[in-house]
Amino acid sequence: MLWRRNFCAVMVLLVIGFVHFYAAEARPHRIILDTDVDTDDLYAVLYLLKLNRSEFELEGITINTNGWTNAGHGVNMIYDILYMMGRDDIAVGVGGEGGILDNGTILPDVGGYLPIIEQEMSTAGYCRYRQSIPVNQRSSTDSNYGIRKEFLPQGKRKYSPLRQPTAQQVMIDKISKGPTNVFLIGGHTNFALFLMSHPHLKKNVKHIYVMGGGVRSGNPTSGCPKNATSKLRPRQCGDPGNLFTAYASNPYAEFNIFVDPFAAYQVFHSGIPVTIVPLDATNTIPISESFYKAFEQRHYTHEAKFCFKSLKMAHDTWFDDNFFSRHFMWDCFMTGVAVSIMSKSHNHKGKNEFAEMEDMNVTIVTSNKPYGISDGSNPFFGSHIPKFNLKKGGVHSGHIQTKLHDPFCIVQNGKGRCQDGYTEEVTSQDAVHVLVATKAKANQDITSPLDKEFFKSFLNASPVLNNPLNAGRFNFTTQFPYKKEVFYKPKFGTAKLGKPVVFDMDMSAGDFLALFYLLKVPVEVITLKGIIVSPTGWANAATIDLVYDLLHMMGRDDIPVGLGDFFALNQSDPTVNGVGDCKYVKAIPHGSGGFLDSDTLYGLGRNLPRSPRRYTAENSVKYGAPRDTEHPELRQPLALEVWNSIIHELDPGTKVRILTNGPLTNLAKIISSERSARSMIQDVYIMGGHVSRSYNEEGNLFTVPSNQFAEFNIYLDPLAAKTVFESELNITLIPIGAQRRVSSFPSIIGKLRLVKKTPEALFTRRLLSRLFRLQQKHFRYHHMDIFLGEILGAVVLAAEQSSLKPVFGIKPVTVLAKGMESTDGHVVIDEKQGKLIRILTNVNAKAYYDEFANKMGNRKQSAVVGSFNDQKRKWSKPPKVTTASGHF
């Protein structure tokens, strides 16, 4: 009897075990996706969202913020895609304000804005690796070539300061709940930080799938050996990397690994199973012409249409005629391979439908031999105790590439020697065993025009993109069936227009407040003729959309907006288009209180009504493009083009006043382009500079401790400032000393509460109140009064003769621009060689607050569209039959 009871007990346990096993097998595969939100990443996101949720569940998306996109634009893009797909339940994480101490202690919520080697206690820092990514291409990524605003619907979720879940929070929350597969299709910073700070959660990471690296790959654009000539650059001779901006220094690395090699090393050496889809495989699946044409004919769902529009724009803006051999399926292909592998139980060999696989032993190169040297390139060994307890003389202790043209990496008339970010096949003790996709599988259907199995899966109604299952609900147009684009242009009638003004802004929060004010000043006093935007300051180029939206709100779609150069003077690379140094702009934080908030207008940008104008990558042969895109008329004008059009339209004898609220890059370019430009400028009001009266009065450059007396606008392009200050222009300087006298949040907010509630008064009060609350809540926002002071220049320009009672002094000044971090941007009193300029020293603060608030509350020249919510209500019901007319 005893043996029977034991036998029964054993059988019960076996049954329970089988039940648990099959229950676990029946659960969907949980996935976290870490993405840099590049265009091909969007295909991967949509691919995952189309899968059967009973098999695959996308639990969360985290944004890699030191790659191909900028955090504020990237996170809102993901929110819009999830809203289109009806998946607002998916957690989205971005950023974080934690830091890493000198001893290697990782504080909670490090945001991943910087590679681990550069991460200290701020989100401001150098672009050691990221400078390899062309800034102009990042702008196209931020807006998805302009398609995001045109096509994607807008829901309720958006970035909001101090409320946005961070990348680390999302990873911790989701991975803590059970076995999770992690997909990495950008840099590895976020996930490496997670692994390094939460090693106890490694057990919950089932598998890591990576798109990145190049092991045995040869550059598919190779000109060698078949077409070899002495003129061919090293990049054309089959090297394993794809850093097209840095082949001369590093022909080994692939972008996703290169943006943070040390992070990738931590991921690969974590002990968690890793499968990679490197360039070896992706180079074998170029976007073929046959695939492109098939996609052009078959895009039925909203998500398929979005993907094709994106692919078409990538094709139309490609730099040469070889798109179909040089543009590949990268991140989306990895996603397909990973899902196919996961769909097969106990698939240790990586069997899948789309790629051939091979086991390899690899490592990630993080520094260059000889190891153990001390040449100042490696912050991990900057003190007596190496960071993270790294081994002196170990693989991390060599020279680390410092910039694109690092002299250590350049070999005269030879191949670059640096290997940072190289996914190297090795047999040493440092090797880690990984599963590697080596080649895309050919389509088994030889009658199909699609040459790869993955193309068939991607396009067909079953199983993925054109499948009506899990399809998107609507795009922006079908979300609002009665939407109608209206371009507002004021009718001035017989009004005698005031002095023409051009506003040069860098799109900080204060600049938008100043722009509201300029648009409220009676047109008989000033006429805003144009806006030129400098992307060398507090916001990224694609944020120009918010300028268009504000102008639309105020009924001024007639005002042209031009985009300036992406780099400060002498900071762009002379040989490679779109890349350059971040010597000065590195002073601006990437996270809270910096780019993340400026690019979203502190979470309020999406409250503005949507303008029919937007940033786009549309281009024209007329302006030097290799071909016309579909709508060349939508091309984003450049700053010099807008300036020239304004000058040509002026009445004879009329001159322009310029107000600059950012770096002086645009103005320096204007006066350097042609000498006659100076004769068309009456005077210039410059917001910025710090004219110190004593050593107790410091500047506002809080992220550069070595420079105590500079101000941001001047420091961000000191050579441009020097060029402008030494010109023949009549300059009025409004330095931070004067700005600080009118930087009381309670005073200006209090005044706005007393005026009429026009849409612009409500918006400016809400923005100012948010800045004030953030300043009180979190130390990262201690500098918010900088932006409050930026309104002053507009008020002084327009209302100088009013009750402001401005006090000016005349001083001979010089701007220091010698390439020294500690002194660049200083505005120095120079009695011998300085140029005499007019400097504002004081205004009547009460009159100033009254002037701004009263203008905002005036119903004249008020908003014609109050908000995006107003548009939504209007577009959700049939329009009333009216005749279009201007306002004022």
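**Checking the labels**

Mentor: The structure holds two disulfides. Keep in mind that this is a predicted model.

Trainee: What makes Cys127 and Cys582 a disulfide?
Mentor: Their sulfurs are 2.1 Å apart. The cut-off is 2.5 Å, so the pair qualifies. In general, a disulfide is a covalent bond between the sulfur atoms of two cysteines.

Trainee: Where in the chain do Cys127 and Cys582 lie?
Mentor: In distant parts, 455 residues apart. Cys127 is in the loop between strand S3 (91-94) and helix H4 (135-143). Cys582 is in the loop between strand S12 (561-563) and helix H19 (595-598). Both cysteines, Cys127 and Cys582, are buried.

Trainee: Which hand does the link of Cys127 and Cys582 have?
Mentor: Left-handed, with -115° about the S-S bond.

Trainee: Why is the disulfide of Cys409 and Cys418 called left-handed?
Mentor: The torsion about its S-S bond is about -70°, so the Cys409 and Cys418 link is left-handed. The S to S distance for Cys409 and Cys418 is 1.9 Å.

Trainee: How do you know whether Cys409 is buried or exposed?
Mentor: Its relative accessibility is 0%, so Cys409 counts as buried. Cys418 is also at 0%, so Cys418 counts as buried. The limit for buried is under 20%.

Trainee: Why is Cys307 in no disulfide?
Mentor: The nearest cysteine sulfur, that of Cys332, is 7.3 Å away. A disulfide needs sulfurs within 2.5 Å, so Cys307 has no partner. Cys307 is buried, with a relative accessible area of 0%. Cys332 is in no disulfide either; for Cys332 the nearest cysteine sulfur is that of Cys307, at 7.3 Å. Cys332 is buried too, with a relative accessible area of 1%.

Trainee: What makes Ser598 buried?
Mentor: A relative accessibility of 1%, so Ser598 counts as buried. Ser598 lies in helix H19. Beyond residues up to four places away in sequence, Ser598 touches Met507, Trp538, Ala539, Thr543 and Leu546.

Trainee: What about Ala587: buried or exposed?
Mentor: Ala587 is buried, with a relative accessible area of 3%. Ala587 lies in the loop between S12 and H19. Leaving aside neighbours within four places in sequence, its contacts include Ala124, Leu701 and Tyr715. Ala587 and Gly537 are 50 residues apart in sequence, and 9.7 Å apart from C-alpha to C-alpha.

Trainee: How do you know how the length of helix H27 compares with what is expected?
Mentor: H27 (residues 759-777) has 19 residues. From first C-alpha to last it reaches 27 Å, close to the 27 Å expected at 1.5 Å a residue.

Trainee: Which elements do the buried residues of H27 pack against?
Mentor: They pack against helix H17 (509-520), helix H18 (544-553), helix H26 (745-754), helix H28 (785-788) and helix H30 (845-857). Among the buried residues of H27 are Phe763, Leu767, Leu771 and Leu774.

Trainee: How many aromatic pairs are there?
Mentor: The count comes to 42 aromatic pairs.

Trainee: Why is the pair of Phe291 and Phe455 called stacked?
Mentor: The centres are 4.1 Å apart, with 25° between the planes. Phe291 is buried at a relative accessible area of 1%. Phe455 counts as buried at 0% relative accessibility.

Trainee: Where does the charged end of Arg473 sit?
Mentor: Over the ring of Tyr83, 4.8 Å from its centre. Lys483 lies over the face of Trp875, at 5.8 Å from the ring centre. The distance limit is 6 Å.

Trainee: What makes S15 and S18 a strand pair?
Mentor: Two bridges link strand S15 (residues 731-734) and strand S18 (residues 835-842), in the parallel sense. A pair needs at least two bridges, so S15 and S18 qualify. Thr732 stands opposite Arg838 in S18.

Trainee: How many bridges join S16 and S18?
Mentor: Seven, with strand S16 (residues 807-815) and S18 pairing in the antiparallel sense. Pro812 stands opposite Leu836 in S18.

Notes:
Residues numbered from 1 in each chain as written. Predicted model: local features only at pLDDT ≥ 70, side-chain atom pairs only at ≥ 80, totals over all residues. Heavy atoms only, no water. Helix = DSSP H or I, 4+ residues; strand = E, 2+ residues; numbered from the N terminus. Buried < 20%, exposed > 50% of the residue type's maximum accessible area, 1.4 Å probe, protein only. Contact = heavy atoms within 4.5 Å. Expected span 1.5 Å × (residues − 1). Phe/Tyr/Trp six-rings, centres within 6.5 Å; stacked < 30°, edge-to-face > 60°. Lys NZ or Arg CZ within 6 Å of the ring centre and 35° of its normal.
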